[in-house]
Amino acid sequence: MLRFKSLLPYKITNFYSTIRCGSIQSTYLETYIEKKLENINPFPYDFIDRILITEDEIKERVNTLAKQITSDYQNSEHLLLLGLLRGSVVFITDLMRKIERPITMDFMSVSSYNKAQSSGFVRIDSDHKTNIHGWDVILIDDIVDSGYTLSTISKLLLDRRPHSLKICALLDKPERHKVHIKIDYLGFSIPDYFVVGYGLDYDEKGRNLPYIASINLHKHKD
Ligand code: PRP
C-alpha cells in the first residue's frame, strides 16, 4: 500500500474531512449551511451525498496536468488529445485550454458490453477521424474503474502506429482495477465511491456539476 501510494501524484485521503476541515469552497459551504438550516437539499440533485473534490481543487489539478503536458510535448508538432465520449468532455475542454502547445482534438465514443458484470468487452460506437499514424496521442477519459475501457482502446490505438501514446484520466479507482493500466497523467486517485459531476453521470444526470460529488442512492427518489 505504501509503495502504491508513492506512485500517486495526488491522493484524496479522507473525503469525510473535506467539509469538516473547511477546505470546501466558501460559496458552496455558505449555500450548504443556509439550505441545511432551512431544511432544503443544498444540491441540485437529490442523490448527491457530499462534495469530494471542489471546483477549485479540480481547476488547480487541471492546470498542473496541463503544465506537465506542455513541458513533456515541447518538441511535438503533432499532438492529439483523444477524448472518450461522453464522460471526458468537461475535463478535456478545460485541459486543452491550458496546454500551451499546438494541439488537435478528436473523440471516440465507446461503450462496455454488460457493464454490470465487468465483462471487459468494449464496443466502438464512433471512431476518431484523425489518422493517428505518427502522432503523439494522449488518450483522455474521466475515470478508470476496471480499466477495461482504456486498456482495450490503447491496444487498438497502438495498432494504428502513433508516434507515442499516453493515458490521461481525471479520476482513478485503483481498488476496482481488473487489468493493469498505466496512467501517465492522473488527476485524483479516489476510493471506490460512486461519483458524479464534472462530466461524470449517474443515470445521465449530474454531468453539469462543477465539482465531483459522491452519491447516496438511498436519497434518490424517482
Ligand atoms: C465510464 C467512463 C469510462 C469507463 C470506465 O464510461 O467514462 O469510459 O466507464 O470504466 P472501466 O474502467 O470499467 O472500463 P460510461 O460507459 O459510463 O460512459 P460515459 O463516458 O458516457 O459516462
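**Group meeting talk: strands, helices and a ligand shell**

Residues are counted from 1 along each chain, in the order its sequence is written. What you see is a predicted model, so local features need pLDDT of at least 70, side-chain atom pairs count only at pLDDT 80 or more, and totals for chains, interfaces and linings use all residues. The term pLDDT is the predictor's confidence in each residue, from 0 to 100.

How confident is the model? The mean pLDDT of the chain is 86, and 80% of its residues reach 70 or more. Over residues 1-22, though, pLDDT stays under 50, and the model has 22 contacts there beyond four places in sequence. A contact here is two residues whose C-beta atoms, placed from the backbone, lie within 7 Å. Please remember that where pLDDT is low, the predicted coordinates should not be read in detail.

Now the overall picture. The chain has six helices and nine strands. These are DSSP runs, numbered from the N terminus: helices are H or I with at least four residues, strands are E with at least two. Of the contacts in the chain with a separation of 6 or more, 66% are between residues 24 or more positions apart. Of the 222 residues, 32% count as buried. Buried means that 20 or more other C-beta atoms lie within 10 Å of a residue's own, exposed means 12 or fewer, and partly exposed is in between, with C-beta atoms placed from the backbone.

Back to our opening pair. Strands β5 (136-144) and β6 (164-172) pair in the parallel sense over eight bridges. We say that two strands pair if DSSP finds at least two bridges between them. Why is β5 called largely enclosed by the rest of the structure? Because nine of its nine residues are buried. For β6, seven of the nine residues are buried, so β6 is also largely enclosed by the rest of the structure.

Who else pairs with these strands? β2 and β5 pair in the parallel sense over five bridges, and Leu82 stands opposite Leu139 in β5. On β6, the partner is strand β7 (residues 185-189), in the parallel sense over four bridges, with Asp172 opposite Ser189 in β7.

Let's step along from β2. β2 and β3 pair in the parallel sense over seven bridges, and the bridge partner of Leu84 in β3 is Met108. The chain crosses from β2 through helix α5 (residues 89-96) to β3, and this β-α-β crossover is right-handed. Right-handed means that, with the strands pointing away from the viewer, the path from the first strand over the helix to the second runs clockwise. β5, α6 and β6 make a right-handed β-α-β unit too.

What about helix α6? Its buried residues are Tyr148, Thr149, Leu150, Ser151 and Ile153. They are covered by elements including β2, β3, β4, β5 and β6.

There is also an open sheet of three strands, in the order β1-β9-β8 with antiparallel pairing. Its edge strands are β1 (48-53) and β8 (195-196), each pairing on one side only. β1 and strand β9 (residues 212-215) share four bridges, and Ile51 has Ala213 as its bridge partner in β9.

Finally, the ligand. Which residues come nearest? Of the 15 residues around the ligand, they are Arg86, Gly87, Asp145, Ser146 and Thr149. Near means that a residue's C-beta atom, placed from the backbone, lies within 6 Å of the molecule or strand. β3 (103-112), β5 and α6 (148-158) each supply at least two residues of the shell, and β5 gives the most, with four. The shell divides into four nonpolar, six polar and five charged residues. In that count, Ala, Val, Leu, Ile, Met, Phe, Trp, Tyr, Cys and Pro are nonpolar, Asp, Glu, Lys and Arg are charged, and the others, Gly among them, are polar.
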